[in-house]
Amino acid sequence: MKRMILQGLLGLFILGLIAQGVCAEGGRLVIQGSTTVLPIAQNCAETFMKSHPAADISVRGGGSGTGIAALIDGICDVADSSRPMKKKEILKANEKGVNPEPYVVAMDGIAVIVHSSNPVNKLTLTQIKDIYTGGISNWSELGGGNQKIVVISRDVASGTYEAFGKLALKKQRVRPDALLQASNVAVAQTVKRAKGAIGYVGLGYLNSQVKALVVDGVKPSVKTVLSGTYPISRPLFMYTNGKPKGLTKDFIEFVLSEEGQKIVGKQGFVSLK
Amino acid sequence: MKRARKENLIKRLFCLFSLFSIVFLLGIVIVLFKEGLPIFKVTSFGKFFFGKFWYPTYEPPDFGILPLLLGSLWVTAGALIIAVPLGVASAVYISEVAHPKIKGLIKPAIELLAGVPSVVYGFFGMVVVAPLVQKFFGLPVGLNALTASILLGVMAIPTITSISEDAISSVPKSFKEASYALGANRWETTVKVTVPSAAGGISTAIILGMGRAIGETMTVLMVAGGAAVIPRSFFQPVRTMTATIAAEMGETVVGSEHFHALFAIALVLFVLTLSLNIGADVLTQKFRKRLR
């Protein structure tokens, strides 16, 4: 009995080794990084594998920082990032002989959202900044009802937060009593439920249950983000080590192709074409 | 002869397996110290523990964990206010009063509470509890310390109940018999004899429940609101240490000051829960001696 179990285990082990060998022949591609870029990478990988059955692509989230660290350590082939690499990261990469090569794969606009019953329809970038840094605390100062503003922000390390902080807040500190939510969905959920709330989400997360504000006279939409008139927009990246070769090259080319960009659009982001 | 050798081999193998957990624990401790301590090159001890602002990504950054530390303790205190009476009362009921049939129903139900994943608690909190709290108290948002405390309290109940119940049912029968012999009724016996005799075990249960609440991450991340301010009321959004680590670790630059600061928070949490566990252990030992 015992021998049978042992033999079975050995057999499974050998089978595993063989399976791994077969996969290696078809080519393996590991993608890791930003949760914002994740749906793009995931869907592109699925479509790509349909036309390249020999390719084995694994896609992981974990965050921009994690993805870039994995690229530097040689654990992944493509790092998704919702922010450009920082100086420190590039230096560390060069130290280890890695030359990160950025590819902008999509654009993303960050919409400022409020409760659907809020009479305020538009704000200027300066007003948004004042709300988030603590200068304005009541909607009546902005032409709304007499209601305390519930400020909702993202965790300080999220890519969306970073872009919003840079583009809208000019790198000033968010008021400490702002609520922190860990995802775009959570921000939208909270704004939907709180009458005095203001929050910000990626364009792909807008829905009919919240109201997106006109910022500096421009409505957030695919068109205004692509033309650059909407003030709070950012590029999304995929990083490779040096000029990509082989499967990595094929995949990046696919993402940037018409078909890949169609997927980008379907996921709620702004495609480059 | 052959059999003895085989036995010996298996013994050693099992010893090796049991050592694994110690190896893991050591590994965790080493990594925590190695990655956490470098933050004190950048900021002083006092500024880290008593700083009122947590702005790790700004220039210059602020690494004050006081709001996070107090946030954790605040939510945990709230959870205990809810979980201790409920947990201990259920334990007394199950071990002293309940009919065996009812006991067979309630006990597994409470134990099942422990098996619910914390994300599910968090989701339930966001969708059901938070709107209720918001409506009932007329608050601007439902994501606050109270909502988090309610959920953490429910999560801590199984720990508190099952350990308290063990303690109560292990009170020697002779204690109760002596009490009855003196003419005390069931209520007097339970309140004045059984529960005080099990006090050590009940305290252990409360401490372990506290450890459960303080270390819980996903639920508080989802329902506590996450404002890094020093808590002043239960109706205010707060941020805990665990939620901070979970929310920020993914996007930080590995090896940066922020990264080390998060590890330092983890170290604080580790020391906190370790001392709670040691405290619980000491109490259990004392309790055992007293009953003998």
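**A helix in chain A and its surroundings**

Tutor: Gly74(A), which has a positive phi near 75 degrees, follows H3(A). Here helices (H or I, at least four residues) and strands (E, at least two) are DSSP runs, numbered from the N terminus. This is a predicted model, in which local features need pLDDT of at least 70 and side-chain atom pairs count only at pLDDT 80 or more, while totals for chains, interfaces and linings use all residues. Residues are numbered from 1 along each chain as its sequence is written, and chains are lettered from A and ligands numbered from 1 in the order in which they are written.

Helix H3 of chain A covers residues 64–72, and nine of its nine residues are buried, so the helix is largely enclosed by the rest of the structure. A residue is buried if 20 or more other C-beta atoms lie within 10 Å of its own, exposed if 12 or fewer, and partly exposed in between, with C-beta atoms placed from the backbone. The buried residues run from Ser64(A), Gly65(A), Thr66(A) and Gly67(A) through Ile68(A), Ala69(A) and Ala70(A) to Leu71(A) and Ile72(A). For chain A as a whole, buried residues make up 44% of 273.

H3(A) also takes part in the contact between the chains. That contact takes 30 residues from chain A and 28 residues from chain B; two residues are in contact if their C-beta atoms, placed from the backbone, lie within 7 Å. H3(A) gives four residues to chain A's side, the largest share. The elements giving two or more residues there are H3, helix H4 (87–95), strand S7 (179–181) and helix H7 (184–193) of chain A. By class, this side has eleven nonpolar, eleven polar and eight charged residues. Ala, Val, Leu, Ile, Met, Phe, Trp, Tyr, Cys and Pro count as nonpolar, Asp, Glu, Lys and Arg as charged, and the others, Gly among them, as polar.

Now the rest of chain A. It has ten helices and eleven strands, and along its principal axes its C-alpha trace spans about 75 × 50 × 35 Å. Of the contacts in chain A with a separation of 6 or more, 72% join residues 24 or more positions apart. The domain assignment gives domain 1 (2–107 + 236–266) and domain 2 (108–233); such bounds come from an automatic or database assignment. The centres of these two domains of chain A, taken over C-alpha atoms, are 32 Å apart. Their contact takes eight residues from domain 1 of chain A and nine residues from domain 2 of chain A. On the domain 1 side, three of these are nonpolar, four polar and one charged.

Chain B is divided into domain 1 (2–41) and domain 2 (45–291). Their centres, over C-alpha atoms, are 29 Å apart. The contact takes seven residues from domain 1 of chain B and eleven residues from domain 2 of chain B. Helix H1 (2–36) and helix H2 (39–42) of chain B each supply at least two residues of the domain 1 side, and H1(B) gives the largest share, four residues. That side divides into five nonpolar, one polar and one charged.
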